[in-house]
Protein chains: 2
Amino acid sequence: MESSADSKRVTLAQVAELAGVSVMTASYAYNRPERVSDRARSKVLDAAERLGYAGPDPSARSLRRGSTRTLGVVMGEHLSYAFEDPEAASFLAGIADVCADRGYGMTILPITGAADDGRRVTEAAVDGFVVWTTSDDDPVLSAVRAVKRPAVVHGGPEVAGLGLVGIDNRAAARAVGALAFAGAERPAVVSFPLSRDRISTITTGIDPADVLFPVTRERLEGYRLAAEDAGIAWRDVTVAVCARNDTAEAERLTAALLTAPEPPDAIAAMSDQQAAGVVHAVRAAGRAVPGDVAVTGWDDAAVAEQLGLTTVAQSLRDQGAACARAALGETPDAHAAEWSLVPRTSTRP
Amino acid sequence: MESSADSKRVTLAQVAELAGVSVMTASYAYNRPERVSDRARSKVLDAAERLGYAGPDPSARSLRRGSTRTLGVVMGEHLSYAFEDPEAASFLAGIADVCADRGYGMTILPITGAADDGRRVTEAAVDGFVVWTTSDDDPVLSAVRAVKRPAVVHGGPEVAGLGLVGIDNRAAARAVGALAFAGAERPAVVSFPLSRDRISTITTGIDPADVLFPVTRERLEGYRLAAEDAGIAWRDVTVAVCARNDTAEAERLTAALLTAPEPPDAIAAMSDQQAAGVVHAVRAAGRAVPGDVAVTGWDDAAVAEQLGLTTVAQSLRDQGAACARAALGETPDAHAAEWSLVPRTSTRP
DNA sequence: CTGTTAGCGCTTTCAT
DNA sequence: ATGAAAGCGCTAACAG
């Protein structure tokens, strides 16, 4: 039996009145049941039921408590991208695990790349932030800093006052690059975008230091070192820059690379999704992996095992969880995550 | 220049005082800049900067305004599942699109399947809810109903007082089932779970009416009609029930189906992920699609095109957006979404 | 354009 | 075990 679509919002005070107790007793009935007599408690619950009271108002409670019990997550310019990229999804799942366990909500902020992204951060009713890796110049970062709540950036950039969780991308790229480029004469890299414009291009001799995405920058630095370790000058390494982390685009760009007069004989990608596209393109061109072209990926996703991709393993899920814990103030802010090399059959032995 | 890690939280009142204006002028400086003189506004902003004021407190603002500008999303027992299932991800992306456009946050509630899921709903500071399809007996539904805020369920169940967005699963299943079962003698179905236990099993003669997940129930009803339309009794149709929507599990169960004395010659799945597993298993068993076994999927995901799967096309992204709009009170609550049949090469002509 | 008043709904004191 | 007072930080409503 429900008292219809009642006029206005029902308050705890009304419940208390109907129950014949003080507001505090009613409040305790919800928040500290053990501190209230069973009788009082059931009177309150009864009255609540009768009035159709849905429980203490969350906003009022947040204001009074000074905490929202919600964690904010900032996923970069294109929100929906977060849900399409399997690695981003793993990362979110890691955050979700921690939030679920702590009874926290998880608010995904509606970032769009527009000028008001900062406001979205400023206006978010959350206790802390996790920021998915972004560019050095992303204005969202200063907005996050400005609100002075605990915040952790995944991957980078490193921002004073914010935590940082991630692996040593440079070292990992150098290590996987060594496998990719072993015995190669014309190595190439399939890269994530270099700046927030997300321009897709094929080029050589790019200076990693100019790259605004720190994760991409560090990986390029690592690949450069790997190339040099293999006796190849960086200016001779072709870099195919994709606008997104996407199998189809990597496949297209690789197809273009392969039609060049001196096509690459080794391609290091920045994700397994991209590497999958690379493998498809290589095979579509009638060439063999790794015989004609060695290929490496990154992340050790399911597709890496399917294709036998040599790759870098890291747990984005664990890193998401680490970010969440740090943003909830449970652990120290900074955290170097684990990675490992997974050699498979897409590189030369 | 930043005034260090200030003692307590800075309030608008302090900013107003330092700026030498009233609190309301300070408030307007943030919320209605056009209603304040440039001079007053910059005095306020200056003072804010000097005090390290991060802008109006979101909780206080929510309380006062009576709105949180945040939408709640309930994704079923296993939160992280939401991020692993590509269809769920599309759906979330559709919600995100609308939230981003309206400047709303999107709070994913940390549902775990534990007893306190209801509290998570009750305590969420959100203006409305979108609920991803669940079972008839999911206690979260009554919690959502109880809070009396706008709420929309995707797919089902239909709940009094809550909106509903989705396609006619029964009709769609009957239509795609007609293609799957055309010319078949021993059709089978690869199904989503039948109840929240998510028990995996192979069986026959299940009564769709007993199934607690409405979407699954309606699709089974549709497949039954399709079988009967093709002159086959439902009790002769084997149903392989998967615990999750997952390629690997569908592949395992299909492999089992194929070792039976009278293996199926047509398999209708409930998702393209499952259908992909079915196709792999059929091929691994050395049989041809559709020659030996016809296969159909659902959703028209990327994998459906790759494999040439006959499937049901629907836009989960659009449906997510429709749910969000309805939960924000912009559109009528109920909404029958579009679907269409996509015949490809995995069924007999 | 600016200010005063009131109070959103709740929970933290601190009594009793 | 229960209650009274106070106020979290802000903005709607209404002056001036």
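1. The surface near DNA strand C is made up of 13 nonpolar, 6 polar and 6 charged residues. Here a residue is near a strand if one of its heavy atoms lies within 4 Å of it; Ala, Val, Leu, Ile, Met, Phe, Trp, Tyr, Cys and Pro count as nonpolar, Asp, Glu, Lys and Arg as charged, and the others, Gly among them, as polar.

2. This is a predicted model, in which local features need pLDDT of at least 70, side-chain atom pairs count only at pLDDT 80 or more, and totals for chains, interfaces and linings use all residues. Residues are numbered from 1 along each chain as its sequence is written, chains are lettered from A and ligands numbered from 1 in the order in which they are written, and side-chain values use heavy atoms, with hydrogens and water left out.

3. Among the 25 residues around DNA strand C, those that come nearest are Leu12(A), Met24(A), Tyr53(A), Met24(B) and Ser37(B).

4. Phosphate oxygens of DNA strand C lie 2.4 Å from a polar backbone atom of Leu12(A), 2.7 Å from a backbone N or O atom of Ser37(B) and 3.0 Å from a backbone N or O atom of Ser22(B).

5. Chain B can be laid on chain A by a turn of 180° and a shift of 0.1 Å along the axis, with an RMSD of 0.1 Å (least squares on the C-alpha atoms of residues with pLDDT of at least 70 in both). This is the relation of a two-fold axis.

Conventions. Polar contact = N/O pair within 3.5 Å; in protein donor to acceptor, adjacent residues only side chain to side chain.
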